Amino acid sequence: MPTALAAPPRSERVRKDDGTALLDALRVNDSDAAAALFDRYGEHVERVLARVLGVDSELQDLLHEVFIRALVGIADVRDPALLKSWITSIAVFTARECIRRRSRRRWLKFLPWSEVPEQVAPPFDFAGSEVLRATYALLDRLPADERIAFTLRFIDGMELTETASACRVSLATIKRRLSRAEARLRAAAQEHPAVAEWLEEAR
Amino acid sequence: MTLERLGREIAKLQDEELANSRRRSLVRARLMGGSAREATRHVGRARDSVHWSLALAAVAIAALVGFWVGRPSMTQTPTVPRAGAWQTASESAPLPLEFSDGSEIVLAPRARARVVERDENGARVFLERGRAHVAVVHRPSTRWGIEAGPFEVAVTGTQFDMQWEPGEELLSVTMAEGKVEITGCGLGVRRVTTGESVRFACRAGAAVEEHVSESPVASSPLAIASQEPAPTTAPKAPTPSEPVHASTSLQPMTSAPSAQPSAISDAPIATAIASTPASPPEWQALAAASRYGDAFAAVESMLDRECESADSANLLTLANVARLTGHVEEAQRVLLALRRRFSRSPRAAMAAFDLGMLSADRGRDAAGAARWFATYLDEAPQGPLAREALGRLMETESQAGHAARARDTARQYLDRYPTGPRTDLAKSLLGHE
């Protein structure tokens, strides 16, 4: 005679569901819900922040900040299917504030073809890290909204509609921002051979 | 396609870094260690009480904003101002006002302003009192106006500081970059350009200009953020030197101190960074602002002197300025000076790479370029541009007709950088498909 399977623990239900149980649990301050939210979207949020800002020392604090904001504002989410895009937007706007904050604190800055430390750097994939460093040096020169659009679309590989949704703007607006960002980046890339090389057409 | 290619490379490099980090586990522990409970507990209390739910939520959110911002902040949260709404900076922190075109006005502590109207070309802002740092993004159709009392400052794409004290009817403007036109109070049109500081008093419908010495170029919102609010003192009697309209002579200020708590500071609004002992040469500031044409013009007459006196970092910058403005021979001169004065240094190797780029540009001298790229690889085999140098060496050797050498270099390139951006060229040189 078949026996009824024991119901999985509540935390297990929260982790495995399509978002409805998670959202319900978050709204009633379920102790496992915050962990479940982070486990589900932590990697994604970290990646979005890294795409927009680069991987740096503030990333940890910003990642924490995004989830605190999400937990506080969870009542705003009506449709569990939109949970991921909603938290992506929080990450994007948190990154945007960070960009604005940094630009206010940045002193005069000029970027020659290279910025070489006086010491010889340790042997690792310098070529790889140079294109990374140079790309974000160029991105630092874009207006925040154009930078965000560019990094989400071309580095994170989001579709246009997904990018527009993350930035909470229309498709037309995101296309305009991408167009301007691309033009600026291509013009500035000539100062950075590590980047220019990638933008040259394959021969 | 090339942008996608760059993007994929960046993403791949980042994913490697992210995978090797403990960052997520640390944040998770932090969230589970109390910060998440703190956040949700406040929200939960608000929901439990019908009568106090709104009030508690407001308090909770205000506390949480303070909690999660956490670290000391020098400014209030940036605001996107609505037309018509007054914006007032707090007693101790500046208030940034951000606009969708990237322009920004930072109100100093206790300053107050209102956006009167906005359209696609700009905005009209009324500065009721205090100091503001204004940074307007220039576009062909940019039109901004900042009103202060009877004066208006017309802006087309500039950075400057301004201060208006209604009690004394004194307007001060210090230009960091670009130019503005000041009108009002019978002034006519007064143009103010980079580096100038001006001060106008409006007396009985006539503007009286006071002389202020030129201020340092560097001006940033941080200058406002880092300054203490001006002390409450009686203003000094201004000394007019160039009255615009002499019909009414200026009387010494003997009236009671202004009801406003702040007074016009005697110091220029835009102050240099305290730790900088001397202003950098003008060309460096212009280069830092990406104004390469102006930068080269500023340094051209003293290029030889800079070649013999500037440090290696500035020499690289100077060479870049010359290159970007089409002054190839000057760029080469600077780079050769760098290599001579800082021989065997990492920047000397960079100069070799840059010399290779100059020679390779537009096919000027492929053989010479190849020699410079080889020099870079010899001096900095693990340098940050090693992959680029090897790729360009391969290309220029091929262009110079050194087919055998180009094929050897192509093999090295494919061996070391199998997914590099020039693999297609390497394969074609080796006859691969």
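In chain B of this predicted model, strand β6 (residues 144–148) pairs with β7 in the antiparallel sense over five bridges, where strands are DSSP runs of E with at least two residues, numbered from the N terminus, and two strands count as paired if DSSP finds at least two bridges between them. Within this pairing Gly145(B) stands opposite Ala154(B) of β7(B). The two strands form a hairpin with two residues between them, and Gly149(B) in the turn has a positive phi of about 60°.

Strand β7(B) (residues 151–155) is also joined by four bridges to the antiparallel strand β10 (residues 179–183) of chain B, with Val153(B) opposite Ile182(B).

In helix α13(B) (residues 403–416), the buried residues are Ala406(B), Thr409(B), Ala410(B), Tyr413(B) and Leu414(B). They cover an arc of only 135° around the axis, which puts them on the same side of α13(B), the arc being that of the directions from the helix axis to the C-beta atoms. Helices are DSSP runs of H or I with at least four residues.

Residues are numbered from 1 along each chain as its sequence is written, and chains are lettered from A and ligands numbered from 1 in the order in which they are written. Local features need pLDDT of at least 70, side-chain atom pairs count only at pLDDT 80 or more, and totals for chains, interfaces and linings use all residues, while side-chain values use heavy atoms, with hydrogens and water left out.

Methods
Expected span 1.5 Å × (residues − 1). Buried < 20%, exposed > 50% of the residue type's maximum accessible area, 1.4 Å probe, protein only.
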